[in-house]
Amino acid sequence: MAHLTTEDDRVRAVAGLLLKNNAKTITKSPPEVVEYVKVTVLVAFRDRVKEVRDAAGQVIVTMMGSLEVVQWPEALMKLVEGLDSTDPIIKVSSFSVLEKACEDYPKKLDKDVNGQRPLDFMIPKFIQLADDPNARIRSHAITSLSHFIAIRSQSLFANIDPYMACLFRRAGDDSADVRRGVCSSLVLLLVARPDRLIPDMHSVAQFMLYTTQDKDENVALEACEFWLTFAEEPDLTAHLAPLVPDLAPVLLKCMVYSEEDLAWLVGPEEDADVADKESDIKPRHYGGGKGHAMESSAAEQGGQKPKVSAALDDEDEFDDFDEEFDEDGATEWNLRKCAAAALDILAVRFGDDLLKILLPHLNERLHSQDWLQKESAILALGAMAEGCIDAIEPHLPMIVPFLIETLNDPKPLVRSIACWTLGRYAHWCTNFETDEHRNQFFVPAMEGLLKMVLDTNKRVQEAGCSAFATLEEDAGSRLAPYLEPILRNLMYAFEKYQQKNLLILYDALGTLADAVGNALENPMFVEILMPPLIRRWQTLADDDDDLIPLLECLSSITMATGHGFAPYAQAVFGRCVQIVHHSLLAWEEYHRNPELDEPERPFLIVSLDLLSGLVQGLGGTVEALIATSNPPLLPLVGICLKHPQAPVRQSAYALIGDMAISCFGVLRVYVPTLMPEIISQIEPEPKFDFISASNNAAWSVGEIALRYGSGAAPLLVIYPEFNQFVKPLIGRLVPILLNVRSPKSLTENAAVTIGRIALVAPQDVAPYLDTFAQQWCQALWEIKDNEEKDSAFRGFCLLIQANPAGVSKHFVWFCNAVVKWKSPSPELRDMFTKILHGFKEMSGPQWSQQISTYPPPLQEALRTLYGV
């Protein structure tokens with residue numbers, strides 16, 4: 001690289017790149033090697049050949065990062081000296097390397113070296129060079145300085161006045177790169193030092209408003225990021241408010257498709273029969289498994305919904321502006337999406353005021369003959385849907401029919417954005433109390449989106465299918481009367497769609513099953529739904545990636561169709577067991593030979609989730625399938641409980657809990673074998689990635705306990721295969737309740753499980769009651785009334801009966817939890833009544849004094865509901 005100047009230039013450059021790749025480990029080399037490399041690389045950096053200089057520059061950046069400046073100050077000195085060179089090549093090359101170093105490790109540069117801080121000299125030098133005649137030098141200077149804002153460098157902030165003056169001088173620079181760097185710097189300063197921008201905010205805002213409309217879209221995007229950042233900072237809302245009247249119309253202008261966007265997006269208007277290119281299909285990330293959470297915390301940690309698989313991480317949500325309409329990966333984050341995202345947050349901040357400002361502009365654009373103007377206004381309506389809903393709601397009786405009508409627009413991009421915006425108002429459409437609202441808005445919206453699902457344009461299909469899935473979630477069981485036409489439409493689409501949109505259709509089918517539940521059990525619906533899915537199922541190999549979303553879709557369908565799925569159950573069950581078996585064999589082989597490729601976990605996760613769906617849907621009739629499975633299912637599940645990947649364990653624990661509910665007879669014999677592994681997974685502070693697995697483990701124990709504790713006289717029955725684990729379980733569960741850092745969903749599940757264990761072994765748990773009574777009551781008092789909560793409280797009442805003294809110091813917490821119940825079961829109400837009256841009688845004359853210390857609303861509720 002440095003000395004063989006007669007070699008081909010490309011060979012020398014490649015030698016430099018190979019050196020760069022090894023330079024990360026330079027600290028492991030002998031001292032004489034390190035010294036030789038230091039000297040030689042600096043020689044190569046002054047080479048006549050640009051490719052060699054560039055390669056040497058990359059080596060310098062890598063080595064300075066590894067050695068740090070204190071061990072190689074000569075490199076930094078040479079680079080800084082190069083900034084004073086009269087040779088423009090040396091000057092630009094030196095600054096290019098310095099900028100990369102400032103970007104990669106600003107904190108390492110912001111340190112003392114031999115009693116001096118290099119940045120104390122470099123920062124003023126950079127500020128001076130920001131006025132250099134060479135635009136590349138000015139750009140390097142502005143960009144290098146910006147990297148020290150986020151780390152709040154004392155050397156930069158000591159020069160904040162000349163730095164700010166420098167940025168304002170360069171605001172009107174002829175170079176787009178310089179202007180972009182100025183905008184980026186102001187965005188960073190808005191977060192790190194708003195105090196320096198606010199006094200000059202009028203000037204800054206006028207510059208940013210002007211630059212947001214810059215002819216260079218990259219510059220405009222950086223300026224628009226300023227408004228997005230400004231809106232995201234709640235402490236700056238008061239300073240932003242006066243700017244909104246000027247800002248909002250500018251953002252609306254920025255939401256019009258640019259020529260560059262259209263060059264990527266506009267294609268054949270009818271392309272439904274055109275096969276997708278492989279590059280059209282973005283990778284789908286399959287992460288977590290099935291999660292269980294109480295109703296009040298369904299989205300707690302990891303985003304799990306109760307009893308819904310999360311194996312498919314949906315990155316195509318249309319309300320994420322950076323993912324919206326991202327066809328063939330060409331249009332990434334851009335000005336249009338940034339402006340829409342900023343408008344979304346402004347709507348949250350300013351609501352009605354924002355709508356009043358934009359309403360005249362929206363009206364004009366919505367009725368414009370220019371389809372681009374019309375499309376941008378529809379996007380704006382969708383962007384404001386959440387924040388401005390109260391202000392927009394009176395207009396929705398006009399807006400929703402307009403959107404439905406716009407679904408017939410000849411332009412595919414207009415139809416697709418109308419789908420998305422209609423999906424943003426799906427909650428309003430589906431939340432009807434009158435037949436008039438249903439017939440005027442809900443049904444037409446549903447029919448309109450179903451029509452778009454079958455559009456001849458793939459982009460519109462995608463938007464329509466995604467919006468219809470949103471409507472499914474909001475409508476829930478209200479879709480049941482319309483299931484036949486919905487299913488026929490979706491299954492026709494199933495035969496029509498290309499690969500990319502088929503993935504979205506799977507999501508829509510699964511969402512529909514979750515929304516309408518057992519309404520799908522009707523044999524006619526099963527007959528419409530299943531044959532196309534099974535035909536697809538039969539064409540896919542066990543290791544085909546396309547099988548994964550189909551398995552996930554089927555896991556929702558099996559739960560909803562229940563016994564209607566019986567004709568397909570044996571084949572589906574058997575294949576899932578085989579996939580689990582082969583996946584575990586592949587993992588075993590991988591652990592024996594780590595040089596092999598790591599097996600893909602999604603096949604294992606979605607197969608376990610589908611088995612859970614079958615167990616829930618078929619109930620007790622699944623016992624025959626489990627009893628005759630080959631290889632036996634439960635030993636395989638036991639191996640999954642020990643799997644190194646947390647999402648696999650998560651799905652396995654969910655399957656154990658579902659089997660306890662539906663077919664405890666076949667599970668019971670394995671309880672002594674499985675329980676030690678389940679107990680080991682229950683932790684007070686699991687790692688973030690392990691939270692859902694720990695959640696499911698705690699929940700599954702509660703379901704197992706409930707089966708043992710469902711007898712007529714639980715106090716009189718001992719179950720050795722379960723009771724032997726009661727104390728180890730309490731030893732794991734109680735610390736979760738006592739730990740304030742335990743995730744909320746885990747705390748709730750732990751409380752329910754403790755209550756359910758108490759149904760089996762109250763005498764074993766009661767001695768610990770004083771330790772956790774208050775935290776137990778606090779964990780569950782805001783949970784919605786349901787069977788899980790009811791069973792847990794019945795167990796807790798048994799603990800009080802067995803050890804009244806254990807709750808005496810915490811009785812006010814128990815009383816508060818009792819009155820939170822809206823409709824306890826008769827059995828539970830009777831237990832509450834006996835305990836409350838029992839404590840009143842036991843307290844005697846002291847009762848009145850004790851209860852007088854309770855909050856007045858609690859006293860009143862106890863008197864009204866329980867007569868104490």
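Analyst: The mean position of the 77 positive charges and that of the 121 negative charges of the protein lie 4 Å apart. In this count, Lys and Arg are positive and Asp and Glu are negative, while His and the chain ends are left out; each charge is placed at NZ of Lys, CZ of Arg, CG of Asp or CD of Glu. The model is predicted, and local features need pLDDT of at least 70, side-chain atom pairs count only at pLDDT 80 or more, and totals for chains, interfaces and linings use all residues. Residues are numbered from 1 along each chain as its sequence is written, and side-chain values use heavy atoms, with hydrogens and water left out.

The C-alpha trace spans about 95 × 70 × 65 Å along its principal axes. The protein holds 49 helices and 2 strands; these are DSSP runs numbered from the N terminus, with helices being H or I of at least four residues and strands E of at least two. Of the 868 residues, 57% count as buried, a term for a relative accessible area under 20%, whereas exposed is over 50% and partly exposed lies in between (1.4 Å probe, protein chains only). The protein exposes about 36,400 Å², of which carbon and sulfur atoms supply 52%; such areas come from the Shrake-Rupley method with a 1.4 Å probe, and for residues only the protein chains shown count as cover. Contact means heavy atoms within 4.5 Å. Among contacts with a separation of 6 or more, residues 24 or more positions apart account for 74%.

The interior itself comes next. In soluble globular proteins, nonpolar side chains tend to be buried together. The largest nonpolar core here has 306 residues; a core of this kind is a set of buried Ala, Val, Leu, Ile, Met, Phe, Trp, Tyr and Cys residues joined through side-chain atoms within 4.5 Å. The residues with the most contacts inside this core are F226, L354, L533, I704, F722, W776 and F814. Helix α19, residues 335–366, gives the most to this core, with 16 residues. Setting aside residues up to four places away in sequence, L533 touches M491, F494, Y506, L509, L550, L554 and I557. A second core, separate and made of 6 residues, includes V256, Y257, L262 and L372.

In α4, residues 73–82, the buried residues are A75, L76, L79, V80 and G82. Seen down the axis of α4, they fall within an arc of 155°, so they line one face of the helix; the arc is that of the directions from the helix axis to the C-beta atoms. These buried residues pack against α2 (31–44), α3 (50–67), α5 (88–104) and α7 (119–129). In α37, residues 671–681, V671, L674, M675, I678, I679 and Q681 are buried. They fall within an arc of 145° seen down the axis of α37, so this group also lines one face of its helix. The packing partners of the buried residues of α37 are α34 (633–640), α35 (646–662), α36 (664–668), α38 (691–708), α39 (720–723) and α40 (726–738).

Within α34 sits G638, which counts as buried at 15% relative accessibility. The C-alpha atoms of G638 and I656 are 18 residues apart along the chain and separated by 9.3 Å. The loop between α33 (623–627) and α34 contains P631, and a cis peptide bond with omega of about 5° joins N630 and P631.

Between α6 (106–109) and α7 lies N114, which is exposed at 65% relative accessible area and has a positive phi of about 55° although it is not a glycine. The loop between α6 and α7 also holds R117, yet R117 counts as buried at 17%. Leaving aside neighbours within four places in sequence, R117 is in contact with D110, K111, D112, Q154 and S155. In the loop between α8 (135–146) and α9 (154–157) is R152, which is partly exposed at 47%. R152, although not a glycine, has a positive phi of about 55°. Finally, Q213 lies between α13 (201–211) and α14 (217–232) and is partly exposed at 42%. Beyond residues up to four places away in sequence, Q213 touches V250 and K253.
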